[in-house]
Every structure is written in structure tokens, then in C-alpha cells.
Amino acid sequence: ITLARRKTIDLREFHRVGDTTVGLSLQMFVVNPNSMLRMQWICLGVVMITYDTIATPLLVFDIQASMAIRTSVWVSAGFWSLDFCLSFLVGYHNSKDCVLELNPRKTAWHYATRWMLFDLVMLLTDLVFIALYPSDQETSSAGSTTKLLRMLRAIRMVTLLRVIRVPKCAGILKSFLGYSEYFSSLLSIFSHLFAIVLLNHIIACAWYLLGSSNSPGWVEVYENESRVPCSHYLFYFTALHWSLTQFTPATMSVQPQNLPE
């Protein structure tokens, strides 16, 4: 890290190329982890993680899947499928001598022994959700698909674990842009604010799921007492309001109505 910061050694001069024909043929596809292309891909990955983290908990509101929602799910699955394949060809710095390793076999083994299993589980979760999610006609016919939808939504929640990759991505971007006290403070503030908003978003969706799963729950009581038509948007912002009050010395009219709540 010290050598990288002082820029006393150009790591690009240390390339370990594979000796076999396969290694030589794949060598041209191996990506330098410090390249601008890699940084752009990491930024795009952070955007996809942010979208999945926001959109996935909203499945508890039983919103009918529109063409835009289905397209976004396909785009997300396509991105992570491509990312899974490309990750085998991303170089890394050897921990022993801080040398840039670009041997295709070694980069593949490096990824396989670290993030491959986690990424594979996340990717299979996306593909199972897409393959088993019913069409609009099947969704409109209640009864047979209700249990399937609940199961698929529960499976989809597993993809929220991708958020654990955000600190790693932030560290890579920070090292790429170089040490800056201003940038470090700005990144720290943004990370904490994002974590607070994300946590409240997840708690709000969980609060709605709990209130709609039990009768009488706060959702039923609030709907009966409300003087305006209750939509999914109103329920979400009401649940978000309740979640925010748990972090501050505040209160609101929504109260627990049963033992689980």
C-alpha cells in the first residue's frame, strides 16, 4: 500500500504471462484491476447493487409486475451473469510481493477461491426468480400462484446480501482515485447516510409485511380509519414514516395491533 501510494514502483511492468497456449490466448482478455475500464465496471456494479437493494424489498407490496419492472430484472440478471464470467479474468496484486498477476489460470483460481461461490449463489437466485415468476395472466388468477409468489419473493430477498460488496468496491475506488482527505470524508459521510436510508427502507418494508400478514394488523386498522383511498404508495410512506420515528424521538398514529407487531 505504501509503495502504491508513493508511486515508487510501476506495477504495470510486472506482468506474469501464462506459458500454455490457452494462457496466451486468454492473456489479451485479462483486465488490469487498476484500469479505468475496471473502475467504470465497479461503479456500474454499485449502481446495480443500489437498485436491487431498493427494488427487492418493495416486492412485499404485491405490486403487479409491469414491463419496466420485468425488463429491469432481466437487465440486472444479465449484468451479474456477465460480471460472473468476467471476474475470472481480472488481475490481482500478489499478497507476497505486491506484483500484478495477469496469468489467466491464476486469476481464475484467485476468484474461484474467494468470491465465486457467493456470486454463484446470488446469480442462481436471480435466474430461479426469473424462470419461475408467473406471467401477468397467471398472476391475475389468484389461488394457485399466491404461495409461489411468496416463495419467490422470499428467495429474491437473498440478493440483498450483495450489499456486503459495497465496502470492497468503495475501497477499490478510493485506492484508484488516490488518497484525499476531502474525498475520504465525503465518501464516509455518503456511506453512512446511504446506510441509514437503506436500513429505514428495509425496516419500512418489513413493517408493512408484518402488518399485512396478521389480522387485525396496523395495515387493516389504518385502512379502516383513513379517510382517503389507501394505495401502495401511501402504505409505503406511512411505513417509512414509522421507521424513521424509531430512530428519532418522535411518534405517529400508527401503533402495533397484535403480539408479533
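Start at the second largest cavity: H6 gives the largest share of its lining, four residues. This is a predicted model, in which local features need pLDDT of at least 70 and side-chain atom pairs count only at pLDDT 80 or more, while totals for chains, interfaces and linings use all residues. Residues are numbered from 1 along each chain as its sequence is written, and side-chain values use heavy atoms, with hydrogens and water left out.

**Stop 1: the second largest cavity**

Select Trp 80, Asp 83, Phe 84, Phe 118, Asp 119, Met 122, Leu 123, Arg 162 and Arg 165; they line this cavity. A cavity is a set of points, on a 1 Å grid over the protein atoms alone, where a 1.4 Å probe fits but cannot get out; lining residues have an atom within 4 Å of a point. The space here is about 60 Å³. Volume means the space filled by probe spheres set on the points, with grid points joined across faces, edges and corners. H4 and H6 each supply at least two lining residues. Helices are DSSP runs (H or I, at least four residues), numbered from the N terminus. By class, the lining has five nonpolar, no polar and four charged residues. Nonpolar covers Ala, Val, Leu, Ile, Met, Phe, Trp, Tyr, Cys and Pro; charged covers Asp, Glu, Lys and Arg; the others, Gly among them, are polar.

**Stop 2: the largest cavity**

The whole structure holds two cavities of 30 Å³ or more. The largest has a volume of about 130 Å³. Select Arg 38, Ile 42, Asp 83, Arg 165 and Cys 169, the closest to its centre among 13 lining residues. Next, colour H3, H4 and H9 (166-177), each of which supplies at least two residues of the lining. H3 gives the most, six. The lining counts eight nonpolar, one polar and four charged residues.

**Stop 3: the second largest pocket**

Now select Tyr 51, Ala 55, Leu 59, Ile 69 and Val 73. They lie nearest the centre of the second largest pocket, which has 23 lining residues. A pocket is an open set of points with protein on both sides within 12 Å along at least five of seven lines. About 560 Å³ of space lies in this one. Show H3 (36-55), H4 (67-86), H6 (116-132), H8 (146-156) and H12 (232-245); each supplies at least two residues of its lining. H4 gives the most, five. The lining has 17 nonpolar, three polar and three charged residues.

**Stop 4: H12 and its contacts**

Axes are lines fitted to C-alpha atoms, for helices over the stretch in contact, and angles run from 0 to 180 degrees between N-to-C directions. The H10–H12 crossing is right-handed, the near helix being turned clockwise from the far one by less than a right angle. On the H10 side, select residues including Asn 200, His 201, Trp 207 and Tyr 208; on the H12 side, residues including His 232, Phe 235, Tyr 236 and Trp 242. Contact means heavy atoms within 4.5 Å. The residues of this contact divide into eleven nonpolar, four polar and no charged.

H11 and H12 pack at about 115°, with axes 12 Å apart. This crossing is right-handed too. Trp 218, Val 219, Tyr 222 and Glu 223 of H11 meet Leu 234, Phe 235, Thr 238 and Ala 239 of H12. Six of these residues are nonpolar, one is polar and one is charged.

**Last stop: confidence**

Colour by pLDDT, the predictor's confidence in each residue, from 0 to 100. The protein's mean is 79, and 81% of its residues reach 70 or more. Select residues 1-21: pLDDT stays under 50 there, and the model has 28 contacts beyond four places in sequence for this stretch. Where pLDDT is low, the predicted coordinates should not be read in detail.
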